[in-house]
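I opened this entry to keep track of what I looked up, one topic at a time. My notes follow the structure itself.

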Amino acid sequence: MNSAGRASEDIAILFYWMSAGAVAIWLIVIGVAVYAIYQPGRHHPRTTKMLVIGGGAVFPTIVLTGLLCVALPMLPELHRPAPPGSLQIHVSGVLWWWRVDYLTADGDTIASANEIRIPVNQPVEFKLNSEDVIHSFWIPSLGGKVDMIPGRQTRLQLYPTRVGTYRGACAEFCGTAHAQMNFDVVVMPVDEFNDWLVGQSASAKQPVELDAIAGQQQFLKYGCSACHTIRGTVAEGKVGPDLTHFGSRISIAAGVLKNNPENLARWITQTHDVKPGADMPEFDSLPEHDLRQMVAYLEQLK
Ligand code: CUA
C-alpha cells in the first residue's frame, strides 16, 4: 500500500491484520468442512460437540479479540487534535469543488481552491464542513475519510511522512459530478512550503504581456468577476473558486483536467461536457480572440 502519512499507515496495518484474521478463519472453516466430507460415518457425538464449541465459539472469540486489541489503540491516535501551533486548513465541500483556506498565525486566511499544499513531517489540522450537501474528504495515501456535513464542523489530523503529489477525492455520493470532485495534495519540504505560502498570501500578479492585459479586461467584460475573486483586482465574487494564483495549480475544475492553456480554453467553452452539472455557465460562443486573451491572463496568475 502506498501510504505517505501516519494515519494511512495505521489503516494499512489494520487492513493487513484484518486480512490475516479473515484468512485464518477461512482456513479453519474449510478444513472442518473437508474433514466432515471425507470422514463419513465416523462422527462421534463428542467430536461434533467439540467442533461446534471450538469452531463456532472459542476460535472466533480468540481471533476477533486479537483484532480488537490491534484496532482499539489506533482510535485515539486518529482522532487526537493536532498540537497547538499546527498548520490549520479550512476545507469546504461545494457542489462539485473544494474551497480551501489556510489560516495564518495572525488570524488571517489565504484563499485557494481544489489543491492543498502541506509541509512534510508536521501535523496538519483540517477543519471540514460543507456549503450544501454531505461530502467526504479523503486522501487515500495520507488518511481520511471524514464526512463534511452542512452546518457542522468535523476535523481531521494528518501527518504526512513523504514528499510527493497525492490524489484526494470526495468519498460520499453527492450528485451528478460526484466522480469529478477531486483535488491534488502536494506534500512539500518545510522551507519550500513556507516560501510557497508567502507567495500565496500576496495579491495577484499584474499582467505584463499585451494578451494578458487585454485578457484581464475580457475577464471583467464577460462577468467572470461576479463569481470569482482575484485578489488585488476588482474581481471579488465568492460563489466560485478563488483564482488569485490559478496559474500555479496542477489541475482545472477540481482535478478533472490538467492545467494548461488548451484545457482551460476547453473548460471555459465546453464546461458542461467536461463536468455535467457544473454551476459555471458555458461560454460556448466566446470569440476565439477573446478566449485566447482570457486564457493568457489566467495562466500567468502564478
Ligand atoms: Cu462531493 Cu461526492
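I am working from a predicted model. I looked up an open sheet of five strands and read its order as S3-S2-S1-S5-S8, with mixed pairing. Its edges are strand S3 (109–113) and strand S8 (154–158), and each of them pairs on one side only.

Strand S2, residues 97–103, runs antiparallel to S3, and five bridges join them. Which residue in S3 is the bridge partner of Asp-101? I found Ala-111 there.

**Two loop residues.** I stopped at the loop between strand S1 (87–94) and S2, where Trp-96 lies. The peptide bond from Leu-95 to Trp-96 is cis, and I wrote down an omega near -5 degrees. Then I went to the loop between S3 and strand S4 (115–119), which holds Asn-114. Asn-114 is not a glycine, yet I read a positive phi of about 60 degrees for it.

I picked out the pairing of strand S6 (residues 135–139) with S7: it is antiparallel and has five bridges. His-135 has Met-148 in S7 as its bridge partner.

I turned to helix H1 (residues 6–38) and helix H2 (residues 45–71). Their axes come within 10 Å and cross at roughly 175 degrees. An angle over 145 degrees counts as roughly antiparallel, so H1 is roughly antiparallel to H2. On the H1 side I listed contact residues including Leu-14, Trp-17, Ile-25 and Val-32. On the H2 side, Leu-51, Phe-59, Pro-60 and Val-70 are among them. What kinds of residues make up the contact of H1 with H2? I read 14 nonpolar, three polar and no charged.

I compared this with the record. An unreviewed UniProt entry places the feature "transmembrane region" at residues 12–38 and 50–75. In the model, residues 12–38 are 100% helix and 0% strand, with end C-alpha atoms 39 Å apart. Residues 50–75 are 92% helix and 0% strand, and their end C-alpha atoms lie 36 Å apart.

**Domains.** The domain assignment gives domain 1 (6–78), domain 2 (81–201) and domain 3 (210–299). How far apart are the C-alpha centres of domain 2 and domain 3? I noted 23 Å. In their contact, 17 residues of domain 2 meet 14 residues of domain 3. S2, S3 and strand S10 (182–188) each give two or more residues to the side of domain 2 that touches domain 3. I sorted the residues of that side into eight nonpolar, seven polar and two charged.

**Last look-up.** The unreviewed UniProt entry also lists "domain: Cytochrome oxidase subunit II copper A binding" at residues 84–199. Over residues 84–199 I read 9% helix and 53% strand. The end C-alpha atoms of that span are 24 Å apart.

Notes: Residues are numbered from 1 along each chain as its sequence is written. This is a predicted model: local features need pLDDT of at least 70, side-chain atom pairs count only at pLDDT 80 or more; totals for chains, interfaces and linings use all residues. Two strands pair if DSSP finds at least two bridges between them. Helices (H or I, at least four residues) and strands (E, at least two) are DSSP runs, numbered from the N terminus. Axes are lines fitted to C-alpha atoms, for helices over the stretch in contact, and angles run from 0 to 180 degrees between N-to-C directions. Angles under 35 degrees count as roughly parallel, over 145 as roughly antiparallel, 65 to 115 as roughly perpendicular and the rest as oblique. Two residues are in contact if their C-beta atoms, placed from the backbone, lie within 7 Å. Ala, Val, Leu, Ile, Met, Phe, Trp, Tyr, Cys and Pro count as nonpolar, Asp, Glu, Lys and Arg as charged, and the others, Gly among them, as polar. UniProt positions are given in the numbering used here, feature names are shortened, and annotations may be inferred rather than shown by experiment. Domain bounds come from an automatic or database domain assignment.
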